[in-house]
Amino acid sequence: MKKKTVIDFIPSMAAAFVSVVCLLIYFFAFRKSNYVDILKACVVPVAALAIPLLNLIFKIRIPYALNIAVAAYAVVALDGASVLNFYEYIPYYDKFLHTAFGIVGSFVIFTMFLYGRGEKMRPWCFFLSIMLCVLGIAAIWEIYEYAGTAIFGYDMQLWMPNMSEVGDMTVREFFENYDPLWDTIWDIIVAVFGVLMFYVIVLIDKFCGFRMCKSIYLQVISTRKPETNADARAEETEELNGSGNKK
């Protein structure tokens, strides 16, 4: 158990190391010291700690692959986007992040559903629910970005132009080039692409005998409390079959 606990914290330790490196680059190469960017870099290891702490406190077993995925996403979304400002150097980096969110978010909802015995749902209902949940979270995020822009004047939607570039534009030309609605809609659309990519991963796994899905399921049920004795026996059988397959 102790060895597993230490392994659980490896992604968060790696994320912390990357954040330190990014901050050193930020301070000494970019020569910046914006407290918001520094705070975001500090959030990365904290976000990566969420899953190992949940495992430790509640004695559950969230799949290790999800642990890695969340830590990696925190690094690219906060260290990459905010600290190193990849938005400026990599075209469509924002859309890449929203697509990645669709994949990672689907994985999170997939795991949550398994803890809620979602395997008893019909497959079409299970996967449609994943899509709707991810779209709901994406919409909430866009509301957050809009509120931040409207209330605090901070360009959270990354659309505000350099006014020196738009002085001679007509209103129509301005909105053809700088439309915040375009950003919002496409952020949600690419999140859908991310969910569809997650579906493709599951479909490929199906042709491989559901190796990935079975591994995730076995990790979940290893600590999931059975509702009835029949559930307990069924889950015990699943664990034995899973162990047999690994051998």
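The model is predicted, so local features need pLDDT of at least 70, side-chain atom pairs count only at pLDDT 80 or more, and totals for chains, interfaces and linings use all residues. Residues are numbered from 1 along each chain as its sequence is written, and side-chain values use heavy atoms, with hydrogens and water left out.

**View 1. Overview of the fold.** The protein contains 13 helices and zero strands, where helices (H or I, at least four residues) and strands (E, at least two) are DSSP runs numbered from the N terminus. Of the 247 residues, 38% are buried (buried means under 20% relative accessible area, exposed over 50% and partly exposed in between, with a 1.4 Å probe and protein chains only). Among contacts (heavy atoms within 4.5 Å) between residues at least 6 apart in sequence, 65% join residues at least 24 apart.

**View 2. Packing of helix 7 against helix 8.** Two packed helices are described by the angle between their axes and the distance between the axes. The axes of helix 7 (residues 93-115) and helix 8 (residues 123-152) come within 9 Å and cross at roughly 130°, which makes helix 7 oblique to helix 8. Axes are lines fitted to C-alpha atoms, for helices over the stretch in contact, and angles run from 0 to 180 degrees between N-to-C directions. Angles under 35 degrees count as roughly parallel, over 145 as roughly antiparallel, 65 to 115 as roughly perpendicular and the rest as oblique. Residues of helix 7 in the contact include F101, F110 and F113, and those of helix 8 include F126, F127 and W141. The contact of helix 7 with helix 8 comprises 12 nonpolar, five polar and two charged residues. For these classes, Ala, Val, Leu, Ile, Met, Phe, Trp, Tyr, Cys and Pro count as nonpolar, Asp, Glu, Lys and Arg as charged, and the others, Gly among them, as polar.

View 3. Helix 3 (residues 35-48) and helix 4 (residues 50-58) have axes that come within 4 Å and cross at roughly 35°. V46, A47 and A48 of helix 3 meet A50, I51 and P52 of helix 4, a contact of six nonpolar, no polar and no charged residues. Helix 3 also packs with helix 5 at an angle of about 175°, their axes 9 Å apart; helix 3 is therefore roughly antiparallel to helix 5. Among the residues in this contact are D37 and K40 of helix 3 and N67 and D79 of helix 5.

View 4. Helix 5 (residues 64-83) has 20 residues and reaches 27 Å from its first C-alpha to its last, close to the 28 Å expected at 1.5 Å a residue (1.5 Å times one less than the number of residues). Its buried residues include L66, A74, V75 and V83. N85 lies in the loop between helix 5 and helix 6 (86-89) and has a positive phi of about 55° although it is not a glycine.

View 5. K32 is found in the loop between helix 2 (10-28) and helix 3 and, at 41% relative accessibility, counts as partly exposed. The C-alpha atoms of K32 and V83 are separated by 9.5 Å, with the two residues 51 apart along the chain. F210 has a positive phi of about 55° although it is not a glycine, and its 33% relative accessibility makes F210 partly exposed.
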